Amino acid sequence: MSMTGLWQRAVASWRGHAERWLLSGAACALAACLLQPGWMVERARFEHVIVLDITQSMDVQDEVLDGKPVSRLAYAKHALRAALLRLPCGSKVGWGVFTEYRSFLLFEPVEVCANLGELRATLAGIDGRMAWSGNSEIAKGLHSGIDVARQLPGHPALVFVTDGQEAPPLNPRYRPSFDDKPGEVAGLIVGVGDLRPSPIPKSDASGRPLGFWQADEVAQADLYGSGRGGSLSGETMTGDGTAAPPAPMLGATPGSEHLSALREPYLRLLGSERGLAFVRLASADALAAALTAPALAKPTPVRADGRVVLAVLALALLLARYAKLPRRLGRLDRHAAARGVLLGVALSGAVATPPAAANDRPFQVARTAVLEDDEQVWSFESWVQRLGKVRGLSVEPEYTFEAGTSVQFELTRRHDRRGSETGHEAEVEFKQLFNDIARDGWGWGLSAALAAERTHDSGGTLPSVGIKLPLSIALGDSGGFLHLNVGISKARDARRSWNAAAGIERELFKRTLFFAELAREDEATFMQLGARHWLRRDRLAIDFGLQQQRADGMRASGFVVGLGWYDL
């Protein structure tokens, strides 16, 4: 057969079966996602060894977090925890600590996305109780950190977090000298603390507070300047001649060394001598920007995930079928096409943003915007429902992609004793969150769902599409959340339907939380009140809820029992 004949047959098949072609293309694209396609590209990535000063001056509470005073170390840890989310996947981070005169590596840099939970857990455990000495020789500790980074494979950048206070103070004429080549190790010095001096808390080896250090308990002068006991008045140390070149001031405050402030000029001096940048820790955003500065980037081959492209293609094909774009070649419903294209562009932009995990149980209607730490994991939820005359059984497998983008599939079987609602429903939902509620105290995102329903009365399959914007707000430090949703949905040959939902959850007892939900769609109202109990924390949960629905002047009551497995 000639090429002209093949083309004519393809055109004829398209004209007669456009919807089938679109559905087949979407199914093939989703099936290809299971093969985890991808390709190698070169991207800017970052590799850091982050060393935190854990000496007692870092316990000074001259920083503010959420309106409350916190220690310098706590503020630095909070900023680092948030900055981990700003590092692109493929970047690596390792932790270290500094005290006395050396930096100690806790573990070598590991990939941030695959090890986010472990990085956050180990960061939370770093505190002053790990210190083995009360001295704080900053210059020597920085040199030790440079040496640690230089010896590691890949030569990561050094990020040295400190307030810069030398204890005991240094004599400008006798500063330690090193044979480092400036710039041999790229890096950053992060200064923490207020410029105004504050008392230094004193604690025992277990971290219990013992008040504050007093002037007579702290060395107020350098060892050389103190001289020797029994020396004659005016006696000088050997080599302390007047011909020595002048040295820069090191920020020492003789007589007030029991008070501590950020020694910014001294840290800037150290950075310039060793080829390191300096940034003052004014905010988590400032730290994240410094950690991702182009000067610290490394061109790294990384594997781009092709599943996102295929998922967007599948969604666009399904939207095209719903919008009835090219039912016949050369004929197009322009308004429907425009709606489909705009929706596709919006969802493509959402998938391209930094993703976050999604999990909406125990809510039936409301969608949550709570970012989870886990990624590349499966979850599985199932529940049975009785609502008036209707009995239902649903299963919902969900997969969280890299850094948390999620797709959820739902299969539901309903049986209505009256027969009107007996049928099946299938739904696929893509969900994307845009910020971290743990960092910001609130989160928002986008949820897009495509569904197909078949009932006895319809005589066929009824497709529909819907979009929701979830907003979640943390209720202080209680561990509770308030969830608010607004959305729009449309079934084929039906008018658009606006919907809104609100949900609240809070832990009442150990491993048991209370939840309530209220949803409204057109003239229908849905309410739910129940509890979730974790049989195994964050792994296995059981739900029970009492429900009520009002629609078409009728009221139906019932219950739901659910079971969820997570991080499979």
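Student: What share of the contacts in the protein chain with a separation of 6 or more comes from residues 24 or more positions apart?

Tutor: In this predicted model, residues 24 or more positions apart account for 63% of those contacts. One example is Leu52, which touches Leu73, Lys77, Leu80, Trp95, Gly96, Val97, Phe98, Leu123, Ile126 and Val161, leaving aside residues up to four places away in sequence.

Student: Where is Leu52 found, and what makes it buried?

Tutor: Leu52 is found in strand 2, which comprises residues 47-53. Its relative accessible area is 0%; a residue counts as buried under 20%, and therefore Leu52 is called buried. Between Leu52 and Val190 there are 138 residues in sequence and 9.5 Å in space, C-alpha to C-alpha.

Student: How many helices and strands does the protein chain have, and what share of its residues is buried?

Tutor: The protein chain has 10 helices and 27 strands. Of its 568 residues, 43% count as buried. Its accessible surface comes to about 29,100 Å², and 59% of that belongs to carbon and sulfur atoms.

Student: Why is helix 2 called largely enclosed?

Tutor: Helix 2 is largely enclosed by the rest of the structure because 10 of its 13 residues are buried. These are Arg72, Leu73, Tyr75, Ala76, Lys77, Ala79, Leu80, Ala82, Ala83 and Leu84.

Student: What does the corresponding check give for helix 4?

Tutor: The 14 residues of helix 4 should span 20 Å, and its end C-alpha atoms are 20 Å apart, so here too the values agree.

Student: Which residues of helix 4 are buried, and what do they pack against?

Tutor: In helix 4 the buried residues are Ile138, Ala139, Gly141, Leu142, His143, Ser144, Gly145, Ile146 and Ala149. They pack against strand 2, strand 5, strand 6, strand 8, strand 9 and helix 6.

Student: How are the axes of helix 4 and helix 6 placed, and which residues make the contact?

Tutor: The axes of helix 4 (residues 138-151) and helix 6 (residues 264-274) come within 11 Å and cross at roughly 35°. The crossing is right-handed. Helix 4 contributes Ile138, Ala139, Leu142 and Ile146 to the contact, and helix 6 contributes Tyr266, Leu267, Leu270 and Arg274.

Student: Where does Gly183 lie, and why is it called partly exposed?

Tutor: Gly183 lies in the loop between strand 8 (157-162) and strand 9. Its relative accessible area is 43%. Buried requires under 20% and exposed requires over 50%, so Gly183 falls in between and is called partly exposed. Gly183 touches Arg274 and Gly275, not counting residues up to four places away in sequence. Gly183 and Gly275 are 92 residues apart in sequence, yet 4.3 Å apart in space, C-alpha to C-alpha.

Student: Where is Asp194, and is it buried or exposed?

Tutor: Asp194 is in the loop between strand 9 (187-191) and strand 10 (198-199). Its relative accessible area is 17%, which is under the 20% cut-off, so Asp194 is buried. Beyond residues up to four places away in sequence, Asp194 touches Asp62, Glu63, Ala261, Leu262 and Arg280.

Student: Where does His155 lie, and what makes it exposed?

Tutor: His155 lies in the loop between helix 4 and strand 8. Its relative accessible area is 53%; exposed means over 50%, and so His155 is called exposed.

Student: Why is the peptide bond from Ala167 to Pro168 called cis?

Tutor: The peptide bond from Ala167 to Pro168 is cis, with omega near 0°. Most peptide bonds are trans. Pro168 is in the loop between strand 8 and strand 9.

Note on methods: Residues numbered from 1 in each chain as written. Predicted model: local features only at pLDDT ≥ 70, side-chain atom pairs only at ≥ 80, totals over all residues. Heavy atoms only, no water. Helix = DSSP H or I, 4+ residues; strand = E, 2+ residues; numbered from the N terminus. Buried < 20%, exposed > 50% of the residue type's maximum accessible area, 1.4 Å probe, protein only. Contact = heavy atoms within 4.5 Å. Axes fitted to C-alpha atoms, helices over the stretch in contact; angles between N-to-C directions. Left-handed = near helix turned anticlockwise from the far one by under 90°. Areas by Shrake-Rupley, 256 points an atom, 1.4 Å probe, with all protein chains shown as cover. Expected span 1.5 Å × (residues − 1).
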